[in-house]
Amino acid sequence: MTEVPPVPQSFRLLPGAGDSPVILHVPHSSRKIPAEVRSGIVLGDAELERELDHITDAHTASIAEAAAEAAGITPWRFVNGLSRLVIDPERFPDEREEMLASGMSAVYTRTTHKEVLRPDGFEHGPLVERYFRPYAQAMTQAVADRLATTGRAVIIDVHSYPTAPLPYELHGEGPRPPVCLGTDGFHTPAGLLDAALDAFAPCGKTGLDSPFAGTYVPLEFFGRRAEVTALMVEIRRDTYMTEPGGPAGPGLRDLASALGSLVDAVSR
């Protein structure tokens, strides 16, 4: 019998200071799609590149890296090494996912412009087992380690979004400030939110939960452990890069500095 080769680790946990409770989570920065996953996507190569321009949170891994370097207490970083077109680690893999209506649950079947990405009837299970579950388990362990070591964990999600809404967005009609902070009623305490508002004040107007709301917390802790706090940082792309998928600009450093300030404020 031919053995199935092990799946290469598709994510990285980059160590921070031993006493840091902070994990910078970067789930959507990569454009990489393994060949065996690419074969299940119906787009041509040029169409796929355009879709990656729109769907990728470009340069967010660089923002998190620069923030970690700027922070006085180095945070931990959990970085996805694969495109969200492989699996989206922040979506529910079942009917609980709101974005299922847009064909964008854990395994996407539609594009940002509501075109076919994978054919109807595509079997999600193998991608969920091969990529989604190991990622979720590793992130759960990373949070558990921070809890065990420091007594708490602070998850800061680092995302970006386009200046103009894309057709797939369910709540794209609301404000699109330079920085949007996504919150959760259980996991985002007032002190964490206030620290973020202070840290990002130099970057322009900061809004709450529009155009994207909520936070990411591994399900083992979600709604159960108040010691796990979380905030989603959504950065409007025109503030630091050329849209839709172009190079970063000077704004990246300012945003990284603000993020580093937030890390220091919540590490103490």
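**Figure 1. E227 and R225 join through their side chains in this predicted model.** The two form a salt bridge, 3.1 Å from N to O. A salt bridge here is a side-chain nitrogen of Lys or Arg within 4 Å of a carboxyl oxygen of Asp or Glu. E227 is partly exposed, at 33% relative accessibility. R225 is partly exposed as well, with a relative accessible area of 33%. Buried means under 20% relative accessible area, exposed means over 50%, and partly exposed lies in between (1.4 Å probe, protein chains only). Residues are numbered from 1 along each chain as its sequence is written, and side-chain values use heavy atoms, with hydrogens and water left out. As the model is predicted, local features need pLDDT of at least 70 and side-chain atom pairs count only at pLDDT 80 or more, while totals for chains, interfaces and linings use all residues.

Figure 2. Helices (H or I, at least four residues) and strands (E, at least two) are DSSP runs, numbered from the N terminus. R133 is partly exposed, at 37% relative accessible area. E129 is also partly exposed, at 48%.

**Figure 3. R176 and E169 meet in a salt bridge.** Their side chains approach to 2.9 Å, N to O. Both R176 and E169 are buried. Elsewhere, D57, R84, D88, R91 and R237 are linked in a network of salt bridges. The search of the whole structure finds 13 salt bridges.

**Figure 4. Seven strands make an open sheet with mixed pairing.** The strand order is β1-β3-β2-β4-β7-β5-β6. β1 (11-14) and β6 (206-208) stand at the edges with a single partner strand each, so one side of each lacks a neighbour in the sheet. Neighbouring strands are turned by 20° against each other on average, direction ignored. Axes are lines fitted to C-alpha atoms, for helices over the stretch in contact, and angles run from 0 to 180 degrees between N-to-C directions. Two strands pair if DSSP finds at least two bridges between them. Strands of a sheet pair through backbone hydrogen bonds, either parallel or antiparallel.

**Figure 5. β2 and β4 run parallel.** Four bridges join β2 (residues 22-26) to β4 (residues 153-161). I23 has I155 as its bridge partner in β4. Helix α4 packs on the sheet, touching β1, β2, β3 (76-80), β4 and β7 (228-236). The direction of α4 makes about 160° with that of β2.

**Figure 6. β7 pairs with β4 and with β5.** With β4, the sense is parallel, over nine bridges. I156 stands opposite L231 in β7. With β5, the sense is antiparallel, over four bridges. G182 has M232 of β7 as its bridge partner. Nine of the nine residues in β7 are buried. Both faces of β7 are covered. V228, A230, M232, E234 and R236 lie on one side, and T229, L231, V233 and I235 on the other.

**Figure 7. Helix α6 lies across β2, β4, β5 and β7.** α6 (residues 251-267) runs at about 165° to β4. Its buried residues include L252, L255, L259, L262, V263 and V266. The buried residues of α6 pack against β2, α3 (60-70), β4, β5, α5 (190-200) and β7. The 17 residues of α6 should span 24 Å at 1.5 Å a residue, and the end C-alpha atoms are 24 Å apart, which agrees. The expected span is 1.5 Å times one less than the number of residues.

**Figure 8. S10 sits in the segment before β1.** S10 counts as buried, at 11% relative accessibility. Neighbours within four places in sequence aside, S10 is in contact with N80, G81, L82 and Y131. Contact means heavy atoms within 4.5 Å.
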